[in-house]
Amino acid sequence: ADVTKTAEVELRTILKQYNGFSADFSQRVVDSELNVLHEAQGRLKFKQPGLFLWEITEPEPELLVSNGETLWWFNPFIEQVSLFDASQAVAQTPFALLVSQDDETWSQFTIEKQQNHFVVSPKLLDQAQVIELKVTFKDTLLTNIAVVGRTMQVSQYAISNQVFADVDNGLFQFEIPLGTDIDDQRQLPKVVDGNVEY
Amino acid sequence: CSLMPKTNIKNIADMQTAAELSHWTARGKMMIATNNEKVSGYFYWQQKGDNFEFSLNTLIGINMFELSVNDDEAELTIDGKTYYGHTAEILVAQLTGYQLPISQLRFWVLGVQQSTKNNLKTKTKLDEKGRLKHIEVFHGDAIWQIDYQSWRSVMQFDLPKSLQLKSPNNRIKLSITDWALQG
């Protein structure tokens, strides 16, 4: 277990530096027979703790943004936004883990270091959709993220144009456009300033 | 009756209309909406004559379901379990509750109207370029309305880029962002 501990400590120490980080990503999803199922482009922003923006720009826009309290998942294609508590964020998308400073959240995963990448796997594998999150660094610069699903489909994100610079907290908010269906999956719906609550 | 011979792949260059296409790959985004729920994901659709593979995936590449038909044997894999049946439409309806016009979808998605005997009262409207604009057809036990919003030229064909299909209790929205034609 201490092997995991040192790997976890090392990974989390690196990630602490990602406190004001922006980059572009190019995603490619491949199935176990190496068919290319999906390709997309987008940009990401990280700020510790708990703030992240994951925006797909091509071929169809979709947006995940969290201000550390609420996670908005906006899907303009179906004119719907889903809201989650930040504590549910990691279950919704593994990227939330990269900005999490919550020991309890991290304790649900085992971390292993292999050469220049860290392999993060949920301890409760049987219900997990994501069985592996692989984060690759060149020294401490994030260069690749891979998400491995239960059906051995792999989503590779090549990271580029990495910039360490402060990101305004205002960017980690989401203004729900008029007419958007609201799918609120938060436990205790609270007033979120700036957003209409019913 | 199947429009295409099962195995041999015609040379695309000799083809006049998209109706002759039998082996192609389409990728894009799909929404399936019922009266109380909207599901959406990114689809990968590989058609090979009468056989096909279709997978719907989340934005981070996690598989939602996989459907394939091989020589009249339908197979649906959901949450790690695989189910078998003879008709894809029945299998999908039983396991997901979605009534999807799968046997016709392969033609509609190409912007092709397959003239079958049983839906004589099909209504179709064409746009100024002679492409399908609206279809109203009886399929399964429901009237389906198909509306084509935009097209894209791929080789010598005009293929749909976005279309919507509506039946009394199902709505499907397709945005096809990539076509690859094999034959």
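Tutor: The answer below looks at one chain, from its overall build to single residues, and then at its partner.

This is a predicted model, in which local features need pLDDT of at least 70, side-chain atom pairs count only at pLDDT 80 or more, and totals for chains, interfaces and linings use all residues. Residues are numbered from 1 along each chain as its sequence is written, chains are lettered from A and ligands numbered from 1 in the order in which they are written, and side-chain values use heavy atoms, with hydrogens and water left out.

Along the sequence of chain B the order is β-β-β-β-β-β-α-α-β-β-β-β-β. Chain B has a radius of gyration of 16 Å, close to the 16 Å that the globule rule gives for 183 residues, so chain B is as compact as a globular protein of that length (the radius is taken over C-alpha atoms, and the rule is 2.2 Å times the number of residues to the power 0.38). Its C-alpha trace spans about 40 × 35 × 35 Å along the principal axes.

Of the 183 residues in chain B, 53% are buried (buried is under 20% relative accessible area, exposed over 50%, partly exposed in between, with a 1.4 Å probe and protein chains only). Chain B exposes about 8700 Å², and carbon and sulfur atoms supply 51% of that area (by the Shrake-Rupley method with a 1.4 Å probe; for residues, only the protein chains shown count as cover). Among contacts in chain B between residues at least 6 apart in sequence, 40% join residues at least 24 apart (a contact is heavy atoms within 4.5 Å).

Helix α1 of chain B runs over residues 88-96, and B:A88, B:L91 and B:V92 are buried in it. These residues lie on the same side of α1(B), because they cover an arc of only 95° around the axis (taken from the directions from the helix axis to the C-beta atoms). An α-helix has 3.6 residues a turn, so residues three or four places apart point the same way. The cover over the buried residues of α1(B) includes strands β3 (51-57), β4 (63-70), β5 (73-78) and β6 (81-85), together with helix α2 (102-108), in chain B. Just after α1(B) comes B:G97, with a positive phi of about 80°.

Another polar contact, at 3.5 Å, runs between the side chains of B:H134 and B:E136. Apart from neighbours within four places in sequence, B:H134 is in contact with B:K123, B:T124, B:K125, B:Q145, B:I146 and B:D147.

Chain B also meets chain A. The contact involves 23 residues of chain B and 31 residues of chain A. Between them the two chains bury about 2300 Å², of which 58% is on carbon and sulfur atoms (accessible area, with a 1.4 Å probe, that two parts lose on being put together, summed over both). B:K38, B:L59 and B:I60 supply 31% of the area that chain B buries against chain A, more than any other three residues.

One of these, B:K38, is in strand β2 (residues 38-48) of chain B. Its side chain reaches the backbone oxygen of A:I78 at 2.7 Å, and a polar contact of 2.5 Å joins the side chains of B:K38 and A:D181.

The partner can be described briefly. Chain A has three helices and twelve strands. The radius of gyration of chain A is 17 Å, close to the 16 Å of the globule rule for 198 residues, so chain A is as compact as a globular protein of that length. Buried residues account for 50% of the 198 residues in chain A.

Terms used. Helix = DSSP H or I, 4+ residues; strand = E, 2+ residues; numbered from the N terminus. Polar contact = N/O pair within 3.5 Å; in protein donor to acceptor, adjacent residues only side chain to side chain.
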